[in-house]
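Look at the sequence and the model together before reading on. The paragraphs below are meant to be read with both in view.

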Number of protein chains: 2
Amino acid sequence: MIQQLIHVQKQIVPDLLDTLRHRYDILHYVRLMQPIGRRTLATSLGLTERILRREVDFLKDQGLLAVATQGISLTESGRNVLRDLHEVMGEILGISEVARELEQKLGVRQVVIVPGDSDETFWVQRDIGRAAVTQLKARLAPDDNIIAVTGGTTMASVAAMMSPDKKERPMHFVPARGGLGETLELQANTVCSRMADRAHADYHLLHIPDEVSQETFERMVEEPSIKNVLEMIRAARIVVHGIGEAETMAKRRRATPEHLQMIERHEAVAEAFGYYFNAEGEIVHRVKTVGIQLEELDNMDTVIAVAGGKSKAQAIAAYAKHTPNIILVTDEGAATELLTCY
Amino acid sequence: MIQQLIHVQKQIVPDLLDTLRHRYDILHYVRLMQPIGRRTLATSLGLTERILRREVDFLKDQGLLAVATQGISLTESGRNVLRDLHEVMGEILGISEVARELEQKLGVRQVVIVPGDSDETFWVQRDIGRAAVTQLKARLAPDDNIIAVTGGTTMASVAAMMSPDKKERPMHFVPARGGLGETLELQANTVCSRMADRAHADYHLLHIPDEVSQETFERMVEEPSIKNVLEMIRAARIVVHGIGEAETMAKRRRATPEHLQMIERHEAVAEAFGYYFNAEGEIVHRVKTVGIQLEELDNMDTVIAVAGGKSKAQAIAAYAKHTPNIILVTDEGAATELLTCY
DNA sequence: TGAAAGTGGGACAAAAAATGTCCATACTAA
DNA sequence: TTAGTATGGACATTTTTTGTCCCACTTTCA
């Protein structure tokens, strides 16, 4: 029914659907940046001042935007409309359809797509984060939830978008892997703690490098502080994780030249939990890591894989082929690339 | 979901729904009158030539209209779009909602509303007819269908819109009442025969006046030709009938001055099957008629009451209060009037 | 406290689009 | 053949849109 309406509207009033999208973009951007000035907004959206002004005046008349001396911001009803709009935008842009096609093609459990391309527009990353949070909350158990999370830029924005559960279901966050690379912001530990903070929930940290020798591992595992956390990780029923590009991850991990060569020789394109995949989704290399192992994902209730941007399309394709149990949260850019090229 | 979309669109691109409706009207009119010239079309729709031209050019570019030297007509995809549009238009105009409210308010089985007001725009009558036919066909039994129909202008346009059943379910049409008044076109017999013709179905006629004295009735009922038809009428499971305004009907029936006075004294507003109703839906007068009696409606599987136009709102209200078992097919004009005033 | 940067709103000319109107020409039906 | 009706082209005029400045005001930071 709704498909029908949109299809008809595309035929009969196509330009108005375009302005719908423009105005959606404006509201969307204002929500992120409010209060924001007219000129700043115009340049950010790539519109001339006058054009934007017309739109803003219109939206002000509709009571969706409030414009004051400190800038433009959303009104109450603006927020409401934007939220509703958010839900139907998928249909309007035909994204829902793309999502269904992707589910079929990749054979994964569910695909969620947000509009835009995070390679091109910075705020799309936030939307991906928001969508991932929504998916996570939709799958919380009423009683006990141990949620394992990984690191990375994408996961950092998932954490930034976390908010307390309205139904106050208990959550405990644990890192799914050990420390990896240098940047503090991208550590699983950091993401874990920030996410828990924003959710007003517990968390535990894993103070151990991701890659360790067998002996070190066996010794450290006896440490109570580590042992406990590892047990919690094993008990997790929900995992939220990013998908890495093989090369990037190898560099971040400061891999040895031999490793890098191996990755190159096997044409690895994706990385997750220390496993490297080639374009066909086959495991071509494996780094012994602490934390969740790939095989364990099959026993999880919910595995949410989050990754966006056209550049990550290949990595997503490779990983998804190997792991059908995931809920994939991505963006339009990656999704369409994935559908057309892989 | 679709409500949500429409609600959001009303807020964010109010023009969208307006121009959608304009273009819908154009397509709609073209379907009825094709091929039609640009100027004729413009004056019919109350638009200036230039305005209409812009719209037609647009619709031509979209491939929905074909414009040739003999005039403007619908293309194949124009017909398809219009059909889809027809289905969603109810939602867009908020008619579906009105219909549901009316069902509640009148307490009838179902209400179907077509856009427009047949008092103001002549083609709305046709749409009502089309809608009634759709309802009728949706309720045909697979095996045997005896359908009783009355006369009147509204019923005449139902007959005009009848078409053969695609599933070829057998239908037999009979008049629900005898002959009444002078105009041949509006006789139940005429409607019955035309409807059957257009449906490629059987029919039987009832050659007897609607109003007769008891003795005449008893004598004529012995006539085999009449007796058979009356038996078929008793066996009918489906009735399609119009709703009359009391005064109009009394005049058409050439009522005696006493009758007219009685109608006026009791403030009768509606008529059906020889029964007169006041505004409260009470029976205030009854003419002894041949054919279906009001009480018999309760035993019918399907009773489709058809009436449109703001002027008939009161009659519809009165009749519907008394007869909750009906499926009411009407138009926007009558429906909104009914909802606001009665 | 003062200045700098950022804000909305007003104003206005230039450009573009929409509109009303007429006319020429082509086709159709009688 | 003719009368009538059709479209498409043309064009001046009106209306709307658009790009650009400037001004007064507020906030913020030094």
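Predicted model: local features only at pLDDT ≥ 70, side-chain atom pairs only at ≥ 80, totals over all residues.

Residues are numbered from 1 along each chain as its sequence is written, chains are lettered from A and ligands numbered from 1 in the order in which they are written, and side-chain values use heavy atoms, with hydrogens and water left out.

Chain A contains 15 helices and 13 strands; these are DSSP runs numbered from the N terminus, with helices being H or I of at least four residues and strands being E of at least two. Along the principal axes, the C-alpha atoms of chain A fill a box of roughly 70 × 40 × 40 Å. Of the 342 residues in chain A, 54% count as buried. Here buried means under 20% relative accessible area, exposed means over 50%, and partly exposed lies in between (1.4 Å probe, protein chains only). Among contacts in chain A with a separation of 6 or more, 69% are between residues 24 or more positions apart; a contact means heavy atoms within 4.5 Å.

The next subject is the interface. The size of an interface is often given as the accessible area lost when the parts come together. Between chain A and chain B, the buried area is about 2600 Å², and carbon and sulfur atoms give 72% of that area. Buried area is the accessible area (1.4 Å probe) that two parts lose on being put together, summed over both. In chain A, the residues that lose the most area to chain B are A:Leu5, A:Gln11 and A:Ile12, together 24% of what that side buries. In terms of contacts, 30 residues of chain A meet 31 residues of chain B.

What kinds of polar pairing cross the interface of chain A and chain B? Seven residue pairs are in polar contact between chain A and chain B, both residues being at pLDDT 80 or more. A polar contact is a pair of N or O atoms within 3.5 Å; within protein, one must be able to donate a hydrogen and the other to accept it, and residues adjacent in sequence count only if both atoms are side-chain atoms. By residue type, the side of chain A that touches chain B divides into 19 nonpolar, six polar and five charged residues. For this count, Ala, Val, Leu, Ile, Met, Phe, Trp, Tyr, Cys and Pro are nonpolar, Asp, Glu, Lys and Arg are charged, and the others, Gly among them, are polar.

Over all chains, a search of the whole structure finds 22 salt bridges. One of them joins the side chains of A:Glu296 and A:Arg234, at 3.5 Å from N to O. A:Glu296 lies in the loop between β11 (283-286) and β12 (302-306) of chain A and A:Arg234 in helix α11 (residues 224-235) of chain A, so the pair ties together parts that are 62 residues apart in sequence. A:Glu296 is partly exposed at 22% relative accessibility, and A:Arg234 is also partly exposed, at 46%.

In chain B, B:Arg177 and B:Glu271 form a salt bridge whose closest N and O atoms are 3.4 Å apart. This pair links distant parts of the chain, with B:Arg177 in the loop between β5 (171-175) and α9 (188-199) of chain B and B:Glu271 in strand β9 (residues 268-272) of chain B, 94 residues apart. B:Arg177 is buried, with a relative accessible area of 8%, and B:Glu271 is buried at 2%. Another salt bridge brings together the side chains of B:Arg194 and B:Glu185, at 3.3 Å from N to O. B:Arg194 counts as partly exposed at 35% relative accessibility, as does B:Glu185 at 40%. In chain A, salt bridges that share partners join A:Arg38, A:Arg39 and A:Glu49 into one network.

Finally, two backbone angles. A:Glu168, a residue other than glycine, has a positive phi near 55 degrees. A:Glu168 sits in the loop between α8 (153-161) and β5 (171-175) of chain A and is exposed, with a relative accessible area of 68%. A:His200 has a positive phi of about 55 degrees although it is not a glycine. The place of A:His200 is the loop between α9 (188-199) and β6 (202-203) of chain A, where A:His200 counts as exposed at 67% relative accessibility.

Terms used
Salt bridge = Lys/Arg side-chain N within 4 Å of Asp/Glu carboxyl O.
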